[in-house]
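I opened this notebook to keep track of what I looked up, one topic at a time. The entries follow the order in which I went through the model.

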Amino acid sequence: MAKEHFDAIVVGAGPSGNAATYTLAKAGLKVLQIERGEYPGSKNVQGAILYANALEKIIPDFRDDAPLERHIIEQRMWMLDDTSFVGTHYRSDDYNKPPYNRYTIIRAQFDKWFSSKVREAGALLICETTVEELLMDGQRCIGVRCDRMGGEVYADVVVLADGVNSTLARKAGFHGEIEARNVALAVKEILFMPEEVIQARFNIGEDSGVVIEMMGSVTEGMVGTGFLYTNKDSLTIGVGCMLSDFKANPKRTTPYALLEKLKAHPSIAPLIEGGEMKEYAAHLIPEGGFHAVPQIYGEGWMIVGDSGGFVNAAHREGSNLAMTTGRLAAETVIAAKAAGQPLTAKTLAAYKAALDQSFVMKDLKKYRDLPEVLHTSPQFFTTYPALLNRAAQTLFTVDGVDKKTKEREILGSFKSARRLGGLMSDAFKIWRAVR
Amino acid sequence: MNVNVEEKLFQNRYKVDHGRPHIQIKNPAVCSNDCQSQACTFVCPASCYKAEGNRTVTLITDGCLECGSCRVICTEHANVAWEYPRGGYGILFKFG
Ligand SMILES: Cc1cc2nc3c(=O)[nH]c(=O)nc-3n(C[C@H](O)[C@H](O)[C@H](O)COP(=O)(O)OP(=O)(O)OC[C@H]3O[C@@H](n4cnc5c(N)ncnc54)[C@H](O)[C@@H]3O)c2cc1C
Ligand code: SF4
């Protein structure tokens, strides 16, 4: 591949890289995409919920042949203590009418499919190749060096879609190391079981699905959540906590022990019983939000997706931000080329401007203070779930005690655990952070 | 809770790049002498790092899930040389 020159090189074949490459190739640009995995998706981990809207903007008829598992009709949020949960379930038949809004997917299969569309659009994809570093000419990025013989390739612009670890951006000095308090470490398993069992257990039809998000004692006071998603003939179960909290946990709990604890919870165990574990995976999620987004463009380079920290942790959205940033980066390059402009920092600044106008930056900005609030308020993951569960138990246990006394007892337990001032200030902090 | 992570890792598909570990402990003496927490020994989701009795830390990267946690938590000592495996090697998720 020596001396080849491309309009653009995209590093990575996850959702952000595929969105960027697809958009560039579709516009007729000469694009090379490089992926280190054996096939696109073989290195990638997600929960995984696919939000239709972001993909629709790139491939409007994706539903015709994309590998989708189940469309989601019900969302549950559970607050766990050691033996019980208090939760909400939201189910709507409106979610049961096409075009569906979200689906569960299996990332290895989905990425492979997305990649097939990218190649149909005319891009050149090389797999099993790790990009080792960016080739720089002073400030300007002029290409990449891969771990293959003669692996230097040149382009007008390099799009870094290399995911959360972004080794390339760090080596090039575009930004520093990620901080442990800005990433969550998630572990997950896939458990296979017959479709009919899933449908009966979750009270759903052949194609519809359920999402359960969990918080509480299962994370041992660490900031984090658990999740359980229904696929066609498998369940995905996982848990993720801030990496800094894993490190600081005095119990020195391993991530896999935490996952086992979640699986053994009396509210979860019956749902996953009999499931055959076929894979165990782990991945980081950049959850630093607005304040952690680095510089995302420069002389001949752009950063998209997890590499730029584009994850909305409050809503567990990532792949849709990845696809949107990939698309907007590509559109910026296409517009600049069409106008005959060089791909300098000055021209590529349009990418940041487009992002600021999109839901991506607006949402990240809205929740900009949430990570800090959660970091400094572990009671959201310990005291409150426990209190709620105790309150529910007090109320629902019929034992001859009158209801008024019970209510007084519940209020008393909340006040003594957090004092009224603390409760009010927590409510205020959360309100301000998500306002 | 005693959990056997080897059993979990056994389900995964993996292509070992023999003799070329992609992660290395830069200076083993730092782990023994300077690092109090040795957090890598319990944070790594594949249990690649082991605390030995004499305060040394050993690393075997077979089974590594390529998450990056060990590098990120070692900020204080920056003692982990971390790269992705060569193209095509390492963990191969079938589901992800
Ligand atoms: C457990 C978990 C659950 C999640 N759940 C959800 C969810 O339900 N919904 C949602 O929308 N998001 C979710 N996310 C977030 C979502 O997975 C990410 O935001 C999304 O995958 C980011 O896409 P990306 O293309 O930027 O990065 P990635 O998907 O990480 O892709 C990066 C690609 O670059 C390749 N690469 C990296 N470095 C190099 C190199 N040097 N050379 C060549 N190739 C390289 C990698 O092999 C990989 O294919 C979840 C994440 C995790 C970990
Ligand atoms: S990258 Fe992750 S799985 Fe691999 S050794 Fe480091 S912490 Fe363990």
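Entry 1: I began with P99(A), which is placed in the loop between β5 (85-91) and β6 (102-104) of chain A. The model is a predicted one. I looked up the bond between P98(A) and P99(A) and found a cis peptide bond, with omega about 0°. I then went to A48(A), in the loop between β2 (31-34) and β3 (49-51) of chain A. The peptide bond that leads from G47(A) to A48(A) is cis as well, and its omega is near 20°. I noted both bonds because most peptide bonds are trans.

**Entry 2: positive phi.** In chain B I looked up two backbone angles. S47(B) is not a glycine, yet its phi is positive, near 55°. I located S47(B) in the loop between α3 (40-43) and β3 (49-51) of chain B. Is S47(B) buried or exposed? Its relative accessible area is 13%, so S47(B) is buried.

R55(B) is another non-glycine residue with a positive phi, about 70°. I found R55(B) in the loop between β3 and β4 (57-59) of chain B. With a relative accessible area of 34%, R55(B) counts as partly exposed. I wrote these angles down because most residues other than glycine have a negative phi.

**Entry 3: a serine in a helix.** I turned to S32(B), which belongs to helix α2 (residues 28-33) of chain B. S32(B) has 16% relative accessibility and is therefore buried. What lies 3.2 Å from a polar atom of the side chain of S32(B)? I found the backbone oxygen of P28(B) at that distance.

**Entry 4: ligand 1.** I listed the residues around ligand 1 and got 38. Those that come nearest are S16(A), E35(A), R107(A), D306(A) and S319(A). Why do I call the site shared between chains? Residues from both chain A and chain B surround ligand 1.

I then looked up contacts made by oxygen atoms of this ligand:
- A side-chain N or O atom of S16(A) is 2.8 Å from an oxygen atom of ligand 1.
- A polar atom in the side chain of S319(A) is 2.7 Å from an oxygen atom of ligand 1.
- For G318(A), a polar backbone atom is 3.1 Å from an oxygen atom of ligand 1.

Entry 5: Next I looked for cavities. Rolling a probe the size of a water molecule over the atoms shows where empty space is left. How many cavities of 30 Å³ or more does a search of the whole structure find? The search finds three.

The largest cavity holds about 180 Å³ of space. I counted 19 residues in its lining, and C35(B), Q38(B), A39(B), C40(B) and C74(B) are closest to its centre. Helices α2 and α4 (69-73) of chain B each give at least two residues to the lining of the largest cavity. I sorted that lining by class into twelve nonpolar, five polar and two charged residues. Helix α2 of chain B is also where I had found S32(B).

Entry 6: I recorded a volume of about 80 Å³ for the second largest cavity. Its lining has 15 residues, with C44(B), C48(B), C64(B), C67(B) and C70(B) nearest the centre. By class, I noted eleven nonpolar, three polar and one charged residue in this lining.

Which cavity does ligand 2 sit in? I found ligand 2 in the second largest cavity. Around ligand 2 there are 14 residues, of which C44(B), C64(B), C67(B), G68(B) and C70(B) come nearest. The shell around ligand 2 is made up of eleven nonpolar, two polar and one charged residue.

**Entry 7: an open pocket.** Last, I looked up the second largest pocket, whose volume is about 360 Å³. I counted 23 lining residues, and R20(B), P21(B), H22(B), P85(B) and R86(B) lie nearest the centre of the pocket. Elements of both chains take part: β8 (131-137) and α4 (167-171) of chain A, along with β1 (13-15) of chain B, each supply at least two residues of the lining. By class, I noted nine charged, seven polar and seven nonpolar residues in the lining of this pocket.

How values were computed
Residues numbered from 1 in each chain as written. Chains lettered and ligands numbered in written order. Heavy atoms only, no water. 1 Å grid on protein atoms, 1.4 Å probe; cavity = no way out; pocket = protein on both sides within 12 Å on 5 of 7 lines; lining within 4 Å. Points joined across faces, edges and corners; volume = space filled by probe spheres on them. Helix = DSSP H or I, 4+ residues; strand = E, 2+ residues; numbered from the N terminus. Nonpolar A, V, L, I, M, F, W, Y, C, P; charged D, E, K, R; others polar. Near = heavy atom within 4 Å. Sits in = over half its atoms within 2 Å of the grid points. Buried < 20%, exposed > 50% of the residue type's maximum accessible area, 1.4 Å probe, protein only. Polar contact = N/O pair within 3.5 Å; in protein donor to acceptor, adjacent residues only side chain to side chain.
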